Amino acid sequence: MPKPIVIRRGTIAWSLLTMSKNGRRRRRVTLSTPPVLATTAIPHNENSQRAYAKRFRVFAFREFLLRSFFFPRPSSSLMSSGGAGAGITVLDVAGGKGCLSWILRNVDSVNSVIVDPVVPDHRRLVKSVNFLLDNPEETRLRSTEGLSTHQPLAKLIPRLVENCRDDGGGVGGDNLILRPTSPSYMRIRVDSVLVDMLREVVVVDSSSSSSSSERDALRSWDQYWHDARIYDDARQRVRAYGEVGAKYIASDYDDCQIIDPRRALEAFRSSDLIVGFHPDQATEAIIDLALLLKVPFAVVPCCVFPREFPERTMNGKRVRLYDELVEYLRAKHERIRTTTLPFVATEFARKVVLYMLAEDFA
Ligand SMILES: C[S@@+](CC[C@H](N)C(=O)[O-])C[C@H]1O[C@@H](n2cnc3c(N)ncnc32)[C@H](O)[C@@H]1O
């Protein structure tokens, strides 16, 4: 289980959680108006230096998701048990360290499952959260959009506190306890083989074929999962994180890993939204998967990988450039929409979003 975050008396989070004058706990929490700062005001968030920073770009994607898709709130008990609840389940394909899923889960109460060969690692994010909780003035400063000091995470601290507070623990004492939870994750590549395997199961499931073909399809899935899943390799982890890091990851995240093939299958089949932010080689498979399962998706392509995907062609020409990749992907369905995220695009900070809403499948 991840460690709880303990909030000291007098910090910003403490003030957010303490009682209002009439003795009732506040329902909505908002940060007070930020102080006027000596820093030069910049007219638009696009120009904020922090908004350029690589690790902040995903926050723009989160805002797009919250604006564009419907997220009913799941019940808290189902969230804490890792279930989808009455809310929706997002598949965060190629989620990498899992920042987006951690924020969706702990700030927005959205159940998000990471699908990426790498083990998620939220240590840096949690460290930033702790810093912001311990430094209320700095949090106020960084919450202000349009300043060079803007940090998207700072603005989310009140919602994080609201969502993750442990009501049973510590309110009224010297400490407040926050219990953020780690999202579930599957260590598998999302590629054309996975999509084909899922197609077999989905097609058998939806046709009126015999139970023996259903059994065969499930058996093939189990075998595929067994062969394709990236197994834990303790030595590899020690190399990547050092011994202490490896222990930390093993103890904090392993409970969240989906290992059982049928649970994995269920996670794919019950997904309500598939997202991919700069998902490298998984880009095309995310769209194919969403079209197969007929679920909304949003993907922000980044690299083209022409050598790895020589079979991609547009108008008889091989897909080699970014714009060609976007066109190639758009051609997969006439209702695919496009928009752009509000940060400055560079070769490595691509900002075009391809997406489909639930109504586009009607
Ligand atoms: C550029 S990183 C982006 C990570 C994360 N979305 C973010 O914005 O921080 C690309 C990620 O894609 C993952 N990846 C590459 N190919 C993949 C595939 N076929 N299926 C799933 N993940 C994949 C890599 O492991 C890596 O974590």
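This is a predicted model: local features need pLDDT of at least 70, side-chain atom pairs count only at pLDDT 80 or more; totals for chains, interfaces and linings use all residues.
At what angle do H10 and helix H12 pack, and how far apart are their axes?

Helix H12 spans residues 261–269, and H10 packs against H12 at an angle of about 100°, with 9 Å between their axes. Angles of 65 to 115 degrees count as roughly perpendicular, and H10 and H12 are therefore roughly perpendicular to each other. On the H10 side, the residues involved are Trp221, Asp222, Trp225 and His226, and they meet Pro261, Ala264 and Leu265 in H12. By class, the residues of this contact of H10 with H12 comprise five nonpolar, one polar and one charged.

H10 has a further partner to consider, helix H9. Helix H9 covers residues 192–206 and helix H10 covers residues 211–228; the two pack at an angle of about 160°, with their axes 9 Å apart. Since angles over 145 degrees count as roughly antiparallel, H9 and H10 are therefore roughly antiparallel to each other. Their crossing is left-handed. From H9, the contact uses Met197, Glu200, Val201, Val204 and Asp205, while H10 supplies Ser213, Glu214, Ala217, Leu218, Ser220, Trp221 and Tyr224. The residues of the contact of H9 with H10 divide into seven nonpolar, two polar and three charged.

I turn now to another helix pair. Helix H3, residues 54–68, packs with helix H5, residues 99–106, at an angle of about 50°, and their axes are 10 Å apart. That angle makes H3 oblique to H5. H3 passes H5 in a right-handed crossing. Here Arg55, Val58, Phe61 and Arg62 of H3 meet Cys99, Leu100, Ile103 and Leu104 of H5. Among the residues of the contact of H3 with H5, six are nonpolar, none is polar and two are charged.

Finally, the ligand. Which residues are closest to the ligand? The ligand is surrounded by 19 residues, of which the closest are Ala94, Gly96, Arg189, Gln281 and Ala282. The shell around the ligand contains 11 nonpolar, four polar and four charged residues. Both domains take part: domain 1 (5–185) and domain 2 (186–361) each provide at least three residues of the shell.

To close, I return to the opening question: H10 and H12 pack at about 100°, with their axes 9 Å apart. Thank you.

Definitions and conventions:
Residues are numbered from 1 along each chain as its sequence is written. A residue is near a molecule or strand if its C-beta atom, placed from the backbone, lies within 6 Å of it. Ala, Val, Leu, Ile, Met, Phe, Trp, Tyr, Cys and Pro count as nonpolar, Asp, Glu, Lys and Arg as charged, and the others, Gly among them, as polar. Domain bounds come from an automatic or database domain assignment. Axes are lines fitted to C-alpha atoms, for helices over the stretch in contact, and angles run from 0 to 180 degrees between N-to-C directions. Helices (H or I, at least four residues) and strands (E, at least two) are DSSP runs, numbered from the N terminus. Angles under 35 degrees count as roughly parallel, over 145 as roughly antiparallel, 65 to 115 as roughly perpendicular and the rest as oblique. A crossing is left-handed if the near helix is turned anticlockwise from the far one by less than a right angle, and right-handed if clockwise. Two residues are in contact if their C-beta atoms, placed from the backbone, lie within 7 Å.
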